Amino acid sequence: PRTTFFFFNSSGDSSSNTSITNNSSVEISLNDTGTVVKEIQEMLKALNYTIAVDGIFGLKTYAAVRDF
């Protein structure tokens, strides 16, 4: 399954230390890897999801995204 993420910056602050840009979208499939996946995992981890931040869009990350 492919998952599409939409990112919005509600604070109006355009500065960021991520590769994800404001008002952007990215499509990710199971087992995709990379910086964007790791950033999504970090966001989920900050929301208290129990997942590894390893840059791999595996089943646990997919389940956390679906739960979110």
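Student: Where does N31 sit?

Tutor: N31 is in the loop between β2 (24-29) and α1; helices (H or I, at least four residues) and strands (E, at least two) are DSSP runs, numbered from the N terminus. Keep in mind that this is a predicted model, where local features need pLDDT of at least 70, side-chain atom pairs count only at pLDDT 80 or more, and totals for chains, interfaces and linings use all residues. Residues are numbered from 1 along each chain as its sequence is written, and side-chain values use heavy atoms, with hydrogens and water left out.

Student: Why is N31 called exposed?

Tutor: Its relative accessible area is 56%. Buried means under 20%, exposed over 50%, and partly exposed in between (1.4 Å probe, protein chains only). So N31 counts as exposed.

Student: What makes the phi of N31 worth a mention?

Tutor: It is positive, about 75°, although N31 is not a glycine. Most residues other than glycine have a negative phi. N48 also has a positive phi, about 70°, and is not a glycine. N48 lies in the loop between α1 and α2, and at 69% relative accessibility it counts as exposed.

Student: What is the overall order of elements?

Tutor: From the N terminus on, they run β-β-α-α, which comes to 2 helices and 2 strands. Of the 68 residues in the protein, 31% are buried.

Student: Why is α1 called oblique to α2?

Tutor: Their axes come within 11 Å and cross at roughly 55°. The axes are lines fitted to C-alpha atoms, for helices over the stretch in contact, and angles run from 0 to 180 degrees between N-to-C directions. Under 35 degrees counts as roughly parallel, over 145 as roughly antiparallel, 65 to 115 as roughly perpendicular and the rest as oblique. That makes α1 oblique to α2.

Student: Which residues meet where these helices touch?

Tutor: I40, Q41 and L44 in α1 meet T61, A64 and V65 in α2; contact means heavy atoms within 4.5 Å.

Student: What makes up the largest nonpolar core?

Tutor: There are 10 residues in all: I28, V37, I40, L44, Y49, I51, F57, Y62, A64 and V65. A nonpolar core is a set of buried Ala, Val, Leu, Ile, Met, Phe, Trp, Tyr and Cys residues joined through side-chain atoms within 4.5 Å. The elements giving two or more residues to this core are α1 (35-46) and α2 (59-67).

Student: How do you know that F57 and Y62 are buried?

Tutor: F57 is at 0% relative accessibility, so it counts as buried. Y62 has a relative accessible area of 17%, so Y62 is buried too.

Student: And why is their aromatic pair called edge-to-face?

Tutor: Rings of Phe, Tyr and Trp (its six-membered ring) pair if their centres lie within 6.5 Å; planes under 30 degrees apart count as stacked, over 60 as edge-to-face and the rest as tilted. F57 and Y62 are 6.2 Å apart, centre to centre, with 80° between the planes, and that is edge-to-face. The structure holds 1 aromatic pair.

Student: What does Y49 touch?

Tutor: Leaving out residues up to four places away in sequence, Y49 touches L44, A64, D67 and F68. D67 is in helix α2. The C-alpha atoms of D67 and Y49 are separated by 9.4 Å, and the two residues are 18 apart along the chain.

Student: Is D67 buried or exposed?

Tutor: D67 has 56% relative accessibility, so it counts as exposed.
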